[in-house]
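Keep the model open and click along as we go.

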Amino acid sequence: MEVSLSTSPTRDADGNLVGAAAVARDITDSKRMERLNEIIVEASPASIVMVNADGDIALVNSSTIETFGYQGDELIGQSVDVLLPEPLMAEHQALRRGFMQRPVARQMGAGRDLNARRKDGSEFPVEVGLSPVETVQGTFVLCTVIDITQRKEDEATIQQHVATLEQFNEELKRSNAELEQFAYIASHDLQEPLRMVVSYMGLFESRYKGKLDERADKYINYAVDGASRMQQLVNDLLAYSRVGSQGRPFVNIGVDRVLDQVLRGLSGAVAESGTQIKRDPMPEVMADELQLGQVFQNLIGNSIKFRGTEPLTIHIGVEEDDAFWTFSVSDNGIGVEPAYAERIFQMFQRLHERGVYEGSGIGLAISKKIIERHGGKIWLDAETKDGAQFRFTLPKKRMAA
């Protein structure tokens, strides 16, 4: 047990010293608490400096000694100004006096970049917390100093990366705009000469087919087919280039109405193939109505085109979460190998030989570009075993077109 002993003299009625009175107090708990506080201060990874009302250093921990480059008790008794850059010393003295008049716990230099100074004169960025401590010797200030050099370096690195990404994004946007413009101009300018080629090849076929030999008829067929395919490719390229440049503003539309219009346009193909259409009730979304209809038309048309021998069933579904609507078009057709899940969304990509199935292989690329313009994404669900399921998202929040 630790005790605190205090004594006082005892006198008689005449004032003569006759003895002494002693009072012993058990201070075991308070001493234990003092030692605990000392252990905590010493173990802190942050630099801790205790300063008196005059700004003199009364206590430091080992982290302070290591961080600032001093040794042992070299800092004790010195002014705390030795830890500050020289230009701040005069300002700090005035700030310290103001703090001591109304001492409250707070951050030092809120909203400012603070630097501290090592013994060798080098400076480093810090965060400083101030806490007043009342003692029998008066008010002291406990300063917690954290070296944030690494954080500043990390922030600078992140800012540099962000600036690089922003520059890259701007260049990418500019490049995409230039490519769209080029594709539009190229495809538009090719329209007239291609129309002339297709027209004259048609006249040539009607005039000479069957009047020459069998080889000549074959060559005529090749030329007519090639010209027609080239015209279709140019038309599809023109449609792709117009997705971003000639899209309509987004408005609130009912997806059920869009599907009604699409299915009316595909009614002949649906009836001819014997396709059964199933659909969930659809929500309202912010979208370009014409482009959204084009997406559904491409996906439903593909299901009909790539049907198998079994009667075709197409299901058009929708799910939702907090941020997105997720639409799906699934069928029981021939399906798509998972290995081709990314390739099918690229320009002019075909998984079958020409002549087996019609089309230029650009429909899904156009759909992808449309959905991305709307702030969503489109993909093939690779886990679907029987048939194919395409899914795409549209954000619930209003977007700028």
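The buried residues of helix 9 are Leu364, Ala365, Ile366, Ser367, Lys369, Ile370, Ile371 and Arg373, where buried means under 20% relative accessible area, exposed over 50% and partly exposed in between (1.4 Å probe, protein chains only). That is eight of the 11 residues, so helix 9 is largely enclosed by the rest of the structure. Helices here (H or I, at least four residues) and strands (E, at least two) are DSSP runs, numbered from the N terminus.

A word on the ground rules. This is a predicted model, in which local features need pLDDT of at least 70 and side-chain atom pairs count only at pLDDT 80 or more, while totals for chains, interfaces and linings use all residues. Residues are numbered from 1 along each chain as its sequence is written, and side-chain values use heavy atoms, leaving out hydrogens and water.

What does helix 9 pack against? Look at helix 8: the axes of helix 8 and helix 9 come within 9 Å and cross at roughly 145 degrees. (Axes are lines fitted to C-alpha atoms, for helices over the stretch in contact, and angles run from 0 to 180 degrees between N-to-C directions.) On the helix 8 side the contact uses Gln291, Gln294, Val295, Asn298, Leu299 and Asn302, and on the helix 9 side Gly363, Leu364, Ile366, Ser367, Ile370, Ile371 and Arg373; contact means heavy atoms within 4.5 Å. The crossing is left-handed, meaning that the near helix is turned anticlockwise from the far one by less than a right angle, with clockwise giving right-handed.

Helix 8 (residues 289–305) also packs with helix 6 (residues 255–265), at an angle of about 55 degrees and with the axes 9 Å apart. That makes helix 6 oblique to helix 8: angles under 35 degrees count as roughly parallel, over 145 as roughly antiparallel, 65 to 115 as roughly perpendicular and the rest as oblique. This crossing is right-handed.

Rings of Phe, Tyr and Trp (its six-membered ring) pair if their centres lie within 6.5 Å; planes under 30 degrees apart count as stacked, over 60 as edge-to-face and the rest as tilted. By this rule the count comes to five aromatic pairs. One of them, Phe345 with Phe390, is edge-to-face, at 6.1 Å centre to centre and 80 degrees between the planes. The pair links distant parts of the chain, with Phe345 in the loop between strand 13 and helix 9 and Phe390 in strand 15, 45 residues apart. Both Phe345 and Phe390 are buried.

Back in strand 13 (residues 324–331) you'll find Ser330, which is buried at a relative accessible area of 15%. Beyond its neighbours within four places in sequence, Ser330 is in contact with Thr313, Ile314, His315, Ala388 and Gln389.

Finally, zoom out. The protein has nine helices and 15 strands, and 33% of its 401 residues count as buried. Among contacts between residues at least 6 apart in sequence, 57% join residues at least 24 apart.
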